[in-house]
Amino acid sequence: MSDLAALEQTILNDIAAAGDETALEAVRVSALGKKGSISALLATLGKMSPDERKTQGAAINLAKDTVTEALAARRDILKAAALDARLASETVDVTLPVREPPAEVGRLHPLSQVTDELTAIFADMGFAIAEGPDIETDDYNFTRLNFPVGHPAREMHDTFFFHPKEDGSRLLLRTHTSPVQVRTMLSQKPPIRVICPGRTYRIDSDATHTPQFHQVEGLVIDKGSHLGHLKWILHEFCKAFFEVDHINMRFRPSFFPFTEPSLEVDIQCRRDKGEIRFGEGEDWLEILGCGMVHPNVLRACGIDPDEYQGFAWGMGIDRIAMLKYGMPDLRAFFDADVRWLAHYGFRPLDFPTLAGGLSS
């Protein structure tokens with residue numbers, strides 16, 4: 001029995017020395033596991049005489065119970081120590097400010113915000129939204145818009161062309177959203193009242209131009225539409241978008257192949273310390289182009305110019321965003337800099353409305 005007592009003491013010492021639950025489990029397996037030292041002693045009871053089994057069996061089972069209790073006690077101590085260590089390492093300073101939820105931290109890109117703003121304005125005027133593909137045919141992007149083959153105005157667009165097909169035709173990245181107007185006129189019967197926001201592409205890059213930018217164009221086709229309606233729409237849009245009570249506009253003659261007459265629109269402003277304020281001052285800033293839809297465009301889109309007439313306009317979404325929110329460089333729009341977005345971005349749940357304020 002002295003050997004049993006020595007074995008028991010050795011196991012108890014190993015239990016006391018176990019520094020974590022993994023080491024303690026190793027001691028348990030070596031003592032009480034299937035091939036453990038105490039389990040081996042219990043396995044010899046079957047070969048003993050009844051008198052030996054009575055005395056030695058009791059001693060071995062007592063040793064087993066003692067080891068089991070020691071294991072349980074040590075396990076409780078180790079669990080408590082591990083919990084104390086975890087609590088000490090995961091302390092929270094309750095005096096720190098509460099972290100903002102994701103909906104407060106995230107920011108909406110200014111281009112998305114401005115698109116929502118102008119959509120809200122034109123929707124209030126009764127305009128629908130029309131969309132089309134970014135990859136277009138030469139026919140929709142140029143020919144049906146009164147750009148004959150070889151016309152010098154085609155060169156002004158710096159177009160991204162795809163490789164020619166077997167028949168010699170080439171697809172292209174649309175240089176304006178005017179092909180959406182063509183698709184609308186081909187698929188709908190007048191009266192038509194739509195705006196066409198979307199991405200456009202031209203080979204150009206500097207502080208105010210990027211190879212990919214955004215435009216919104218408007219189209220109205222009806223029997224009685226005229227320039228007076230166009231001027232009112234643009235005037236009300238500028239007042240609502242720049243959030244001023246009054247704004248002066250001037251219309252200058254210009255040239256676009258798809259409109260006749262063609263006009264460029266300036267709005268009154270005041271430049272002061274690097275900022276532009278609208279509705280006041282003695283300066284002027286060009287903001288968009290417009291005009292009456294050319295009869296050739298109507299014919300190319302299956303509309304009789306003797307029965308219907310219309311007007312259209314187009315402006316750069318990136319440009320009016322820069323003007324309204326004071327952004328000096330267009331290239332920063334596409335840098336994916338979260339610091340820039342945190343400064344110029346908008347809270348995602350503050351939807352622009354005319355009643356609540358577009359940029360409030």
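Close-up 1. Pro191 sits in the loop between helix H8 (178-187) and strand E4, where helices (H or I, at least four residues) and strands (E, at least two) are DSSP runs numbered from the N terminus. Its peptide bond with Pro190 is cis, with omega of about 5°. Pro261 belongs to strand E7. For context, most peptide bonds are trans. Please keep in mind that this is a predicted model, in which local features need pLDDT of at least 70 and side-chain atom pairs count only at pLDDT 80 or more, while totals for chains, interfaces and linings use all residues. Residues are numbered from 1 along each chain as its sequence is written, and side-chain values use heavy atoms, with hydrogens and water left out.

**Close-up 2. Two loop residues with positive phi.** Most residues other than glycine have a negative phi. Asn146, which is not a glycine, has a positive phi of about 70°; look for Asn146 in the loop between helix H7 (138-141) and strand E3 (171-173). Glu243, again not a glycine, has a positive phi of about 55°. The loop between H9 and E6 holds Glu243, and this residue is partly exposed at 40% relative accessibility (buried means under 20% relative accessible area, exposed over 50%, and partly exposed in between, with a 1.4 Å probe and protein chains only).

**Close-up 3. Helix H6 packed against helix H11.** Two packed helices are described by the angle between their axes and the distance between the axes. Helix H6 (residues 110-124) meets helix H11 (residues 317-325) at an angle of about 95°, and the axes are 10 Å apart. H6 is therefore roughly perpendicular to H11, a label given to angles of 65 to 115 degrees, with under 35 degrees roughly parallel, over 145 roughly antiparallel and the rest oblique. The axes are lines fitted to C-alpha atoms, for helices over the stretch in contact, and angles run from 0 to 180 degrees between N-to-C directions. On the H6 side you will find Leu111, Val114, Thr115, Glu117 and Leu118, which meet Ile317, Asp318, Ile320, Ala321, Lys324 and Tyr325 of H11. The residues of this contact divide into seven nonpolar, one polar and three charged (nonpolar: Ala, Val, Leu, Ile, Met, Phe, Trp, Tyr, Cys and Pro; charged: Asp, Glu, Lys and Arg; polar: the others, Gly among them).

**Close-up 4. The largest nonpolar core around Leu118.** A nonpolar core is a set of buried Ala, Val, Leu, Ile, Met, Phe, Trp, Tyr and Cys residues joined through side-chain atoms within 4.5 Å. The largest one has 45 residues, of which Leu118, Phe237 and Trp313 touch the most other members. Elements that each supply at least two residues include H6, strand E5 (212-222), helix H9 (227-242) and strand E9 (283-293). H9 gives the largest share of this core, seven residues. Beyond its neighbours within four places in sequence, Leu118 is in contact (heavy atoms within 4.5 Å) with Ile195, Val216, Phe237, Ile317 and Ile320. Another core, of 21 residues, lies apart from this one, and among its members are Val182, Val293, Val297 and Tyr308.

Close-up 5. Thr119 lies in helix H6 and is buried, with a relative accessible area of 18%. Setting aside neighbours within four places in sequence, Thr119 is in contact with Ile129 and Ile195. Leu227 is in helix H9 and counts as partly exposed at 27% relative accessibility. Setting aside neighbours in the same way, Leu227 is in contact with Pro261, Leu263 and Met292.

**Close-up 6. Salt bridges.** The whole structure holds 15 salt bridges, each a side-chain nitrogen of Lys or Arg within 4 Å of a carboxyl oxygen of Asp or Glu. In the pair of Asp134 and Arg199, the closest N and O atoms are 3.2 Å apart. These partners are 65 residues apart and link distant parts of the chain; Asp134 is buried at 19% relative accessibility, whereas Arg199 is partly exposed at 41%. Arg250 pairs with Asp266, with closest N and O atoms 2.9 Å apart. Asp266 is buried at 3% relative accessibility, and Arg250 is partly exposed at 36%.
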